[in-house]
Amino acid sequence: MTLRFSVLASGSTGNAFYIGTDKENILVDAGLSGKQIERLLTEAEIDPGTLSKILVTHEHSDHIKGLGIVARKYNLPIYANEKTWKAMEGSIGKLTLDQKFTFNMEETKVFSDIDVTSFGVSHDAAEPMFYTFHHNGKKVAIVTDLGYVSERIKKTVEDADALIFEANHDVSMLQMGRYPWNVKRRILGDTGHVSNEDAALALSDIIGDHTKRIYLAHLSKDNNMKELARMSVENHLMEQGFPIGDRIEIHDTDPNAPTPVYEVV
C-alpha cells in the first residue's frame, strides 16, 4: 500500500496535482481546460475515469479553470471551504448538490485510506488553503500560492516525505521585468508569492529525516527559470549541509507536462 502523486501542471498559467492510494485517486485543483487535464492525466498513465474527488485550494482561475467541466464529466464531488465556494460558484457552472462538500480550514478529513489535513496560507484570495496527505506513515505536502511561510505552516509540513513547494520568482528578474509596479508589489507582498530565495530559507527549516523529494512549483513564466530556481534552492540547502543529490532530490515541475508518478516508500 503506497502513497503516490504527480504534479500534473504547475505555473502561473495553470495548476493541477494528482495524489492517490489503493482506494483513492484525488485531483487537487483543476486550473487548466478539461481537455488539458485529461491529457495530463493520460500522459501520467492515470485513467481520468478512476478519479474519486477534487480538492480546491482557492478560487483563482489558474486553480479552477476546468473544475466544473471535469467534475460534471466524471460526476466527482468537490471539496472547498465555504468562502472559496462563495467566491468561485459563478465561475464553475452548475453542479448538483451531491457534488458540493465543505472542507474547512485547519480540518482533517479521512477519505478511505488517506487522511487529508488543510491549512491556511497568506494569499490574496477569499480563504486560501493547502493540504497535507497522510497514508501508511507517509506524508506529502503541497505548499504554493503564499506570500510568506509562517512558523505555523513550517510546523504543519515539516519532515514530509515529499514536498511540492512554491518557488515563484527570482526577485531581481521580477524587479527588472515588464510588470507594472502594482503587480510587482502584489507578488512581493505578504499575500503574493514566495521567491526562490525565500523558498530555500523556508525549506531549510522544513526538511527532516524523512524528506526525500522536493518539487519546485508555481514558477512564473516571466520572472523565473527552472534552472535558476533549482540552483538557488540547491545552493542554499547544500550550504546548510543538506545532502542534496544524495538523500534529497530536487525536481522541476512544468506548466504543460506532468512529473512521473512517484510512489512514496
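1. Aromatic pairs first: this predicted model holds 7 of them. Take phenylalanine 5 and tyrosine 215, whose ring centres are 5.3 Å apart with the planes at 75°, so this pair is edge-to-face. Phenylalanine 5 sits in strand β1 (residues 3–9) and tyrosine 215 in strand β12 (residues 213–217), so the contact ties together parts of the chain that are 210 residues apart in sequence. Both phenylalanine 5 and tyrosine 215 are buried.

2. Another pair to look at is tyrosine 131 with phenylalanine 133, which comes out as tilted, at 6.2 Å centre to centre and 45° between the planes. Tyrosine 131 has 0% relative accessibility, so it counts as buried. Phenylalanine 133 is also at 0%, and counts as buried too. Tyr131 and Phe133 belong to one aromatic cluster along with Tyr79, Phe101, Phe103 and Phe111.

3. Two rings have a charge over them. Lysine 109 places its charged end over the ring of phenylalanine 103, at 5.6 Å from the ring centre; Phe103 is a member of the aromatic cluster in point 2. Arginine 213 does likewise with tyrosine 262, and here the distance to the ring centre is 3.9 Å.

4. The largest nonpolar core has 54 residues, and the ones touching the most other members are Phe5, Val28, Leu55, Phe133, Ile214 and Leu237. Helix α8 gives the most to this core, with 5 residues. Apart from it there is another core of 26 residues, including Leu8, Leu27, Ile37 and Leu41.

5. Phenylalanine 5 deserves a click of its own. Leaving out residues up to four places away in sequence, phenylalanine 5 touches Tyr18, Ile19, Val140, Ala162, Ile164, Tyr215, Pro260, Val261, Tyr262 and Val264. Tyr215 on that list is the edge-to-face partner from point 1, and Tyr262 is the ring under the charged end of arginine 213.

6. As for helix α8 (residues 196–206), its buried residues are Asn196, Ala199, Ala200, Ala202, Leu203, Ser204 and Ile206. What do they pack against? The buried residues of α8 meet α5 (151–157), β11 (162–166), β12 and α9 (226–239).

7. On to charges: there are 15 salt bridges in the structure. One of them joins the side chains of glutamate 89 and lysine 100 at 3.1 Å, N to O. This pair links distant parts of the chain, with glutamate 89 in helix α4 (residues 82–92) and lysine 100 in strand β6 (residues 100–102), 11 residues apart. Glutamate 89 is partly exposed at 38% relative accessible area, and lysine 100 is partly exposed at 30%.

8. Glutamate 106 and arginine 152 also form a salt bridge, again listed at 3.1 Å, N to O.

9. Last pair: arginine 230 and aspartate 252 meet in a salt bridge at 2.8 Å, N to O. Arginine 230 is in helix α9 and aspartate 252 in strand β13 (residues 249–252), so the bridge ties together parts 22 residues apart in sequence. Arginine 230, at 23% relative accessibility, counts as partly exposed, and so does aspartate 252, at 27%. Elsewhere, salt bridges with shared partners join Glu151, Lys154 and Asp205 into one network.

How values were computed:
Residues numbered from 1 in each chain as written. Predicted model: local features only at pLDDT ≥ 70, side-chain atom pairs only at ≥ 80, totals over all residues. Heavy atoms only, no water. Phe/Tyr/Trp six-rings, centres within 6.5 Å; stacked < 30°, edge-to-face > 60°. Helix = DSSP H or I, 4+ residues; strand = E, 2+ residues; numbered from the N terminus. Buried < 20%, exposed > 50% of the residue type's maximum accessible area, 1.4 Å probe, protein only. Lys NZ or Arg CZ within 6 Å of the ring centre and 35° of its normal. Contact = heavy atoms within 4.5 Å. Core = buried A, V, L, I, M, F, W, Y, C linked by side-chain atoms within 4.5 Å. Salt bridge = Lys/Arg side-chain N within 4 Å of Asp/Glu carboxyl O.
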